[in-house]
Amino acid sequence: MEPISSSCESPLLSHVSTNIVKDGSTDLQGRPVSRLLTGGWPASLLIIGVEIAERLAYYGISANLVTYLTNVMQQTTATAAKNVNVWSGVASMLPLLGAFVADSYLGRYWTILISSLVYLLGLICLTLSASLPSFSPPPCEDTSYFCPRPSAFQVGFFFFSLYLVALGQGGHKPCLQAFGADQFDEEDPTERKHKSSFFNWWYFGLCSGLVVSISVIMYIQENVGWGLGFGIPTMAMAIALTVFFCGTKMYRHKLPSTSPITQITQVFVAAIRKRNLSVPSQGKQRLQVIQEPFTGETRNLLPTNQFRFLDKATVATDSDHDHKTDIDWKLCTVTQVEEVKLVLRLLPIWVACLMYGVVFAQSPTFFTKQGSTMDRRIIGDFKIPAATLQSFISLSVIVLVPVYDRIFVPLARSITGNDRGITLLQRIGLGMFSSVLSMIVAAMAETKRHQAAKEFGLIDIPNETIPLSIFWLVPQYILFGISDVFTMIGLQEYFYDQMPDTMRSLGIALYLSVFGIGSFLSSILISIIEELSSRGKGQNWFANNLNKAHLDYYYWLLAALSALFLCIYITFSSCFIYKKVESNVCKDEEIL
């Protein structure tokens, strides 16, 4: 979004207005807020700190969940992978509900606070399910496959706790990031640049929490106990909730507006009702997006010629004024129409990124199971948990984000003239290319692991460690990290920045839904391949004995599909029109 400012402010008011945030932000009571006392980096860094604690809690569960399901809940590898994918998918789709509630009714602050309490309750229940004998299955006496099966109650309570965590994350995740970005005033040139940097440092903080979670909590879960391993994330979430509440006076707030679903539906209904009318001429008409009565300032969205059939919803007829009770479903403002166009323009990019979500789902599932079959010793007989290698994704991000933000962006900015260095869609595309490379490298590493199993005669021995270092898998994790720096952060900023100002929680939820749908698609793909590869004399690609499985075939398939979706993405992005905003601070100027 590239604001174009024009100033006609009275000198008598300048000393007052310069200290007031100009993008419509308020305090919790709806009053204008001071730029000096609220928001900016102090508030956003506090919110990033909350995210670090929350991500430590979330990844303290998700990163090693496949191990818990196979070793404690006695599920097969394929079943555990599908359960992890379904849970991750639900956890990534529920933010759509949380965003709707925040944007329409509660606002982001109250949605975060309430959902955090639900989140904490789920973590407490999860800790109890792994700690108390009546809630957790009996431990295995040896390494055989004949371990005691958990009871129906134990399984039910565990999954109830797990999905309660997903429900809490559904309100917490989309609102917290949007709330952090809200702390910067887009009408101020300096704060506008800081907002772009915020998304880089947000993900930097997220990955910092993930590194601690994976490097420490994974070891505790596998070597000390799952009860303590789930208890630490519970304490982290309690700390996050406390920190968030303590910063209340520092925050800038966006008041909730009309339901975005209702606004979008009204435009389509009105356009269909007036389908036989002529499309109005727009010319250089300016469209009001946000108005702040206390400052007299507006942010205007420049019109576009895409989806022109929707402009029929703005045509007023005599019959519109005869029935004023349902006027909103017959006549819409140009603001509503242009905001619906913004949402429609995002959908092709959203579809093209779904395969990236499928690839993203492999790290906490099959990558982890790969590592569990390999030599995990680093010093003497000290073994690291297989899930620990996920920390290389976060370490790559932690190293590359400062380089990207402080070196690459200023250098690219001097060449391109773009405040971000490169466009958001270019950034996302580069990361998607890196994800293709990661799957190719993963396939090659799995082939190497298979060859080692054959050489040492371990094909038919599922529990025997292959004398091949787990660090052969590090390159695929590092490529994942590089991909995250570009695509993950790019998607976050893209879906926040290009959504209508009143629907930004929904924008973050749409970004998260890429990974939710990706997890569901991964689960469906596993089921299909498992069925097809088991027919006849074929070997199941996801056999419990990974030495007989063919994860390498699966990774090659994902690499091919990712390359195909990258081509689709390039096609869609070449036609994309970025949102453009014109700032107008003239109080009495008429907006057509």
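These notes go through a predicted model of one chain, from its overall make-up to single residues.

1. Basis of the values. Residues are numbered from 1 along each chain as its sequence is written, and side-chain values use heavy atoms, with hydrogens and water left out. The model is predicted, and local features need pLDDT of at least 70, side-chain atom pairs count only at pLDDT 80 or more, while totals for chains, interfaces and linings use all residues.

2. Confidence. The pLDDT, which is the predictor's confidence in each residue on a scale from 0 to 100, has a mean of 81 for the chain, and 87% of the residues reach 70 or more.

3. Overall make-up. The chain has 17 helices and eight strands; these are DSSP runs numbered from the N terminus, helices being H or I with at least four residues and strands E with at least two. Of the 592 residues, 57% count as buried (buried is under 20% relative accessible area, exposed over 50%, partly exposed in between, with a 1.4 Å probe and protein chains only). Among contacts with a separation of 6 or more, 82% are between residues 24 or more positions apart. The accessible surface of the chain is about 24,300 Å², and carbon and sulfur atoms hold 66% of that area; such areas come from the Shrake-Rupley method with a 1.4 Å probe, and for residues only the protein chains shown count as cover.

4. Nonpolar cores. A nonpolar core is a set of buried Ala, Val, Leu, Ile, Met, Phe, Trp, Tyr and Cys residues joined through side-chain atoms within 4.5 Å. Which residues touch the most other members of the largest core? They are Phe-158, Phe-244, Tyr-494 and Tyr-569, in a core of 110 residues. Helix 7 (residues 189-223) gives the most to this core, with eleven residues. A second, separate core has 38 residues, including Met-374, Leu-473, Phe-542 and Leu-551. In soluble globular proteins, nonpolar side chains tend to be buried together.

5. Beyond four places in sequence, Tyr-494 is in contact with Arg-345, Leu-346, Ile-349, Leu-424, Leu-425, Ile-428 and Phe-576. Tyr-511 sits in helix 16 (residues 504-533) and is buried because its relative accessibility is 4%.

6. Salt bridges. The count is 18, a salt bridge being a side-chain nitrogen of Lys or Arg within 4 Å of a carboxyl oxygen of Asp or Glu. Lys-173 and Glu-51 form one at 2.7 Å, N to O. This pair links helix 6 (residues 152-181), which holds Lys-173, to helix 2 (residues 40-62), which holds Glu-51, across 122 residues. Lys-173 is buried at 4% relative accessible area, and Glu-51 is buried at 1%. Asp-311 and Arg-308 meet at 2.6 Å; Asp-311 is buried at 2%, whereas Arg-308 is partly exposed at 24%. Shared partners join Arg-35, Asp-185, Glu-191 and Arg-252 into one network of salt bridges.

7. Surface patch. Leu-28, Tyr-105, Leu-106, Trp-110 and Ile-114 form a nonpolar surface patch with about 490 Å² of accessible area together. Patches take residues with over 30% relative accessible area and no salt bridge, joining like charges within 9 Å and nonpolar side chains (Val, Leu, Ile, Met, Phe, Trp, Tyr) within 5 Å. Trp-110 belongs to helix 5 (residues 95-131) and is partly exposed at 41% relative accessibility.

8. Backbone points to check. Most residues other than glycine have a negative phi, and most peptide bonds are trans. Gln-74 has a positive phi near 60°; Gln-74 lies in the loop between helix 3 (65-71) and helix 4 (77-93) and is buried at 14% relative accessibility. Phe-307 has a positive phi of about 50° and lies in the loop between strand 3 (297-301) and helix 10 (334-352).

Key: Contact means heavy atoms within 4.5 Å.
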